[in-house]
Amino acid sequence: MSVGAPRGLASSGQKPITEILHPLSAADEPPLSPVPDVTVGGHNPSSGAADKDAGLTNGTPVETSSPASASSLFNRLQLDDEPDADAEAEADAHDPYASTETRDLFVTVDDPKKHVSTMETYITYRVSTKTTRIEFDLPEYSVRRRYQDFDWLRIKLEDSQPTHLIPPLPEKFVMKGVVDRFSEEFVETRMKALDKFLKRVADHPVLSFNPHLNAFLSAKDLNKRQGLALLTKVGESVKQVAGGYKLRARPAEFCAMGEYLDTFCQKLGTIDRIAQRILKEQTEYLTELREYGAVYSSWAGSEDELRRPLEGVAGSVSSCCGALEDLSENMSQDFLPVLREYVLYTDSMKNVLRKRDQSQAEYEGRLEAAVLRRQEDRTPVPVEVEKCQDKVECFNADLKADWERWQSNKRQDFKQLLTGMADKNIHYYEKCQAAWESLIALLQDKQTEDKTNETN
Amino acid sequence: MRPGSATTAGEEKRMAEDGKEESAATGDSDQPAAGLDSTVTTMVEEGSTLLRRMEISVAEAEKRSGKNSVNMQETFTVYLIETRPMDAIAEGRNPAPDSLWRRYSEFELLRNYLLVTYPFIVVPPLPEKRAEFVWHKLSADNMDPDFVERRRVGLENFLLRVASHPILSNDKILYHFLTEEHGWKEVVYDTGFQAKADSRLRALSATFRVRNPDKRFVDMKHYSDELQSHTSQLLRARARVADRLYGVYKVHGNYGRVFSEWSAIEKEMGDGLQSAGHHMDAYAASIDDILEEEEHYADQLKEYLFYAEALRAVCRKHELTQFELEMATQDLVSKKQQREELATGIVRTFSFKGMTNKLFGQEAPEQREARLKLLEELIAEGEESVKEKTAECEEHVEGGWVDMQRFKEQKDKDLREALINYAIMQISMCKKGIQVWSNAKECFLKM
């Protein structure tokens, strides 16, 4: 994504985008490197500098065929090292805020607990923070937050940083009766998504300094004033609609972004459908496989010499059933939710693009009006029009930076997601193979046992 | 083997054949059973089953067209049977095989002949006439090349089993089947086995109560029911599993397409995605071969499903011979009783003759004499009959028990091997799966 002079704006000797510092970035504070989510807490990305070469030369793990568990463990370790190495390389190339400085804000969401009160029942999660930033009073925090609180944070961030992409939250409303809000699975999935959300915010060079985030992470009780927040949000959108400016010409790069997002969203939907279909087929396969194993067991009952081999087969089939169950559970617990969450992420990005269009439209509208008036009665271009221009240019800059980050995150996330899927399938087949190999060992032992008995 | 016939093994095959010919011609199935003396055992020991003297194979299958018995055009498949003498091969010579063509119906005819002629033998089954236990993608068409190929293998297996059986392999009709293409059918019909075949079928489905069946045969019959039930259940379950597995693999092919489309809008990720998509296509395609190989396992199960039927038939035959013996014995007893009554004038049992005597007076002495004489003749015949049937029953039990033991050993060995091979097939499938997903994973890592 090249960062050239923005088109559609009157050239007025502006600085190139790359050199415009964001108003909110503290001039002295070195910007953070945008390292994507690392689920292993406390991982130091600067150590990735040394690993960078090893990881980048070929993106493949050293061992590809070896005894099952050893190689897969190795691969998993490789995987953790790589994202940082790649991200750093990319970040240096694209992101104006990139640096190899140590991250100094770590957040985690875990430990879900159910709370029952007279009015309602809800789940809270523990939000743990470790930081060396001076914006925080203490180096460590541990607070409990519920979904509402995350939602509050998100709204606050959107309001105060309209030019930035705010990561999405998992779905707010859940149809009662269809999904059990308190089932372990649901809570687990939601918690992972909340964790991801918070990590993305904490990793963002601008959003992570937002005072609302600070409050969210450290305050004992969030003084939310929800009502006001809602109003603010409504007001914002009303203003946008009432603005009613029409966009003349969207710069090509933003058009490209929009098109990309549309197609990408489509493909995500397709992949979701395929994954669901596979799950369905696997479930039916599992049902038949169970019955199949049972027939071997019942046949074993009427045999003598063949009893052990038949029971052995039944046992191996049963092991395969277990392995298949694990695979399916994994797909539905880990793969599908992350996929769906990316749809939300894509929607958020589209939203930001729309807002950018709006602000550009507003600027163009005002500028046009001002120019006309200047032509008529030589009124100079008002300050607010210049402010609008600033706003647009800031927006464009922020958006491009966020886009790069989004692309980079997306690449890492999908790399992880898909390799995870491949891994799970490999493990499934490894387990099945082991089950059948042990059967052969069992039967062949018996064969040699019989032979020695015969010769004796 | 009638007394006086040659009883040494090997070279006496010719004489044995003669013996069989005669016995076959008279439709007397007892003769071969009588061979269950030292003759057969020496034959087995010296290993002179046909298979050891002759290499047999069903080499090819071909489609033919011709007019059938009602003068209508039909298409059918013929199979090429090739034979070569073993001693020539052992000596290192490589003679061209003798060969002839046979169709499935001729194999059926051979088997029916064997069933009738050796009712105490568990006769090896033929491969199925029509494709059953089919999972949806597999064709149920008899003309389908895969089906024809599997049938060819099944027919060869049948011939090998028959030719290696200690008793069946010496049958002359079998030998002719393998060596004389024309006129074989007439020779079979000339044995008169058809009449026996019809009565056998009737007997198999008849219901009668046996008082004292051999317990071993009762147990074996029960076992044959279990074997039949379990193998057919297994075949059905396996077909359903195959169907589902096919679905799982094929749906993955969709990933190939979507990854390809997605890669078009990506820069760095594009190559990795595209290659991964190809591996997904390969994965989806791999299931066809995997399931085709599994059909071989299904065929092995089917053989024993049909074997169960043959086993059951031997047990039923025992029940029938035992029943006939019991009937004959009972008949003899009642005739003897009648004689006693006639001789002593004491009526023990109710009879119409007795009643009419009481009502209309005794009969004349000449009449009584005549009746007594008739009874004596009938009793003599009856005793002969009981003797014959006892012998028949004993022979059947002896021969049947030996062959059922042989069958059990064969079954245990074959099925055990089949299960091991099935496990090996599964391992191969797993290895393929690991390979494909590892390849895909490498592509993902390059994204």
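**Salt bridges within and between the chains**

A:Glu158 is buried, at 16% relative accessible area (buried means under 20%, exposed over 50% and partly exposed in between, with a 1.4 Å probe and protein chains only). The model is predicted, so local features need pLDDT of at least 70 and side-chain atom pairs count only at pLDDT 80 or more, while totals for chains, interfaces and linings use all residues. Residues are numbered from 1 along each chain as its sequence is written, chains are lettered from A and ligands numbered from 1 in the order in which they are written, and side-chain values use heavy atoms, leaving out hydrogens and water.

The partner of A:Glu158 is A:Arg154, and their closest N and O atoms sit 2.6 Å apart in a salt bridge (a side-chain nitrogen of Lys or Arg within 4 Å of a carboxyl oxygen of Asp or Glu). Both belong to helix α3 (residues 147-160) of chain A, 4 residues apart, so about one helical turn separates them. Helices (H or I, at least four residues) and strands (E, at least two) are DSSP runs, numbered from the N terminus. A:Arg154 is buried as well, at 12%.

A second pair, A:Arg144 with A:Asp111, forms a salt bridge at 3.1 Å, N to O. This one links distant parts of the chain, 33 residues apart: A:Arg144 in strand β3 (residues 140-146) and A:Asp111 in strand β1 (residues 105-116). A:Arg144 is partly exposed at 30% relative accessibility, and A:Asp111 is partly exposed at 26%.

Over all chains, the whole structure holds 60 salt bridges.
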